[in-house]
Number of protein chains: 2
Amino acid sequence: MNIVLLDPRQTQSELWTISAKRQLEHLRTHVDVQVGDTLKVGIREGKRYLTEIVSVSELQIQLKPLREEPVPAKLPVTLIVAMPRPKVLRRLIMDAVTLGVEKIILLHSYRVDKSYWQTPFLQQLEHYVDLGLEQAGDTIAPAIELYKRFKPFVEDVMPAMISAACPAYAAHPYAEIKMPAGISHPCTIVIGPEGGFIPYEIDLLIKNGCQAVSLGSRIIRTETVIPVILGRLFSG
Amino acid sequence: MNIVLLDPRQTQSELWTISAKRQLEHLRTHVDVQVGDTLKVGIREGKRYLTEIVSVSELQIQLKPLREEPVPAKLPVTLIVAMPRPKVLRRLIMDAVTLGVEKIILLHSYRVDKSYWQTPFLQQLEHYVDLGLEQAGDTIAPAIELYKRFKPFVEDVMPAMISAACPAYAAHPYAEIKMPAGISHPCTIVIGPEGGFIPYEIDLLIKNGCQAVSLGSRIIRTETVIPVILGRLFSG
């Protein structure tokens, strides 16, 4: 937790308040906050501030804003990813948010186990988004969309996300073209499930505007390949 | 598991044998192997082969090698990382191995909890190396070294790893120079603990040949920043 994310309602009086149990516990046990300490705070969907701690009690911490601080820029990326196992989903959401992805789309695919769509984690995505934002020092949650049918998404929804100014790269181990690097334009990234997209799916993605690109001969897990790709694409 | 890693002793007769419980279970439950199927196999510290399954029993699977396949190249990187929490350590080792890091050094640092050096995971590193190799389709384990004292390592051991042809980059959020991208030479990467290196440590690293470089204003967790850095550095 590198900033404390507050709801705008907690910042409407002169003194701001932290009252969420998770945040209070973290600040007490890991940071050992004291009156007079400074604390970095972000207002959900708003600005970031350096604040000073004015009071610490069992149920709340009160803060006084000192000065505004910059919110880190987002990466101009839409990440389309085949719905992963629940444990991987958590990490993936946190990491994609930490790294600044603007929009995350979870998509069904032939090799996605249907049970993954029933995980209770899907009801808690907002919590993992918060953890990712607090890690990165960001305040703006990415949009997250779910599509439980592959073909209608790829044929009817995805094409509007792709243009010459915003290409879509589908990571595919057998592609002949390499994933680009050091780009300075927006893009869409498409990541398959464990075991990969089936040939029909790759063909449909390509037919609807994606470029199949390779990352070399090593096979990398979904949750690891996303930071690799983002580090590679936005290295400028 | 994208290849099955075998000990050279399991490949000395005409038919090779898989007898490790973990591998047998994976092949039976996740792959549902049958006689006549092909299977990718790597010989520890050796070559990779496409094989054909000749027999499947409760206690072993027998294979016939069909042809040699290429082992993916390693990244010319030494990764020096402050000893992380045990859970992070596991992921970090698996990911660094999957991504092809040649050498991993676990180092003490002021903000590393001393208890981390007592974790039983340190006795099981070889297991996580195997998982990383089997994920990547690699056969060559990286060297792993442990240094429980920061200063003697940085002053006496590290300088021999650094040269004009092989620079060392210490990731540091407050550095003014950006981490390079798309390099084609070997290098050493230095990653601090949660909370970062203390100023004394960063100074000592710089004094002994490291360049402090920044990855931007987002604060990224150790296990996530390693794939970001590797994706960025080796994007050529």
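A salt bridge, for the views below, is a side-chain nitrogen of Lys or Arg within 4 Å of a carboxyl oxygen of Asp or Glu. This is a predicted model, where local features need pLDDT of at least 70, side-chain atom pairs count only at pLDDT 80 or more, and totals for chains, interfaces and linings use all residues. Residues are numbered from 1 along each chain as its sequence is written, chains are lettered from A and ligands numbered from 1 in the order in which they are written, and side-chain values use heavy atoms, with hydrogens and water left out.

**View 1. Salt bridges link chain A and chain B.**
Start with A:Arg218, which makes a salt bridge with B:Asp138; their closest N and O atoms sit 3.0 Å apart. Now look for A:Asp138 and B:Arg218: their side chains also meet in a salt bridge, at 3.0 Å from N to O. A:Asp138 lies in the loop between H3 and strand E8 (143-147) of chain A, and B:Arg218 in the loop between E11 and H6 of chain B, so this pair joins two chains. Helices (H or I, at least four residues) and strands (E, at least two) are DSSP runs, numbered from the N terminus. Between chain A and chain B the count is 6 salt bridges, and over all chains the structure holds 30.

**View 2. This is where chain A meets chain B.**
Here 30 residues of chain A are in contact (heavy atoms within 4.5 Å) with 30 residues of chain B. Together the two chains bury about 2600 Å², with 47% of it on carbon and sulfur atoms. Buried area is the accessible area (1.4 Å probe) that two parts lose on being put together, summed over both. Pick out A:Arg218, A:Ile219 and A:Arg221: they supply 27% of the area that chain A buries against chain B, more than any other three residues.

**View 3. Polar contacts cross the interface of chain A and chain B.**
The rule finds 14 residue pairs in polar contact across this interface, both residues being at pLDDT 80 or more. A polar contact is a pair of N or O atoms within 3.5 Å; within protein, one must be able to donate a hydrogen and the other to accept it, and residues adjacent in sequence count only if both atoms are side-chain atoms. On the chain A side, the elements giving two or more residues are helix H2 (86-99), helix H3 (125-136) and helix H6 (222-233). Sorted by class, that side has 12 nonpolar, 9 polar and 9 charged residues. Ala, Val, Leu, Ile, Met, Phe, Trp, Tyr, Cys and Pro count as nonpolar, Asp, Glu, Lys and Arg as charged, and the others, Gly among them, as polar.

**View 4. Chain B has an open sheet of 6 strands with parallel pairing.**
Trace the strands in the order E8-E7-E6-E10-E9-E11. Two strands pair if DSSP finds at least two bridges between them. At the edges are strand E8 (143-147) and strand E11 (210-213), each pairing on one side only. On average, neighbouring strands here are turned by 20° against each other, direction ignored. Axes are lines fitted to C-alpha atoms, for helices over the stretch in contact, and angles run from 0 to 180 degrees between N-to-C directions. Strand E9 (residues 168-171) and E11(B) pair in the parallel sense over 4 bridges, and B:Ala171 has B:Val213 as its bridge partner in E11(B). Helix H6 (residues 222-233) of chain B packs on this sheet and touches strands E6, E7, E9 and E10, its direction making about 155° with that of E10(B).

**View 5. Another open sheet in chain B has 5 strands and mixed pairing.**
The order this time is E1-E3-E4-E5-E2. Strand E1 (4-6) and strand E2 (16-18) stand at the edges with a single partner strand each, so one side of each is left without a neighbour in the sheet. Neighbouring strands are turned by 45° against each other on average, direction ignored. E2(B) is joined to strand E5 (residues 61-69) by 3 bridges and the two run antiparallel; B:Ile18 stands opposite B:Ile61. Helix H1 (residues 21-31) of chain B packs on the sheet, touching E1, E2, E3 and E5.

**View 6. Zoom in on the hairpins of chain B, starting with E3(B) and E4(B).**
E3(B) and E4(B) pair in the antiparallel sense over 5 bridges. B:Leu39 has B:Thr51 as its bridge partner, and B:Thr38 has B:Glu52. Their hairpin has 4 residues between the strands, and B:Glu45 takes a positive phi near 60°. E4(B) and E5(B) form a hairpin too, with 4 residues between them, and 8 bridges join these antiparallel strands.
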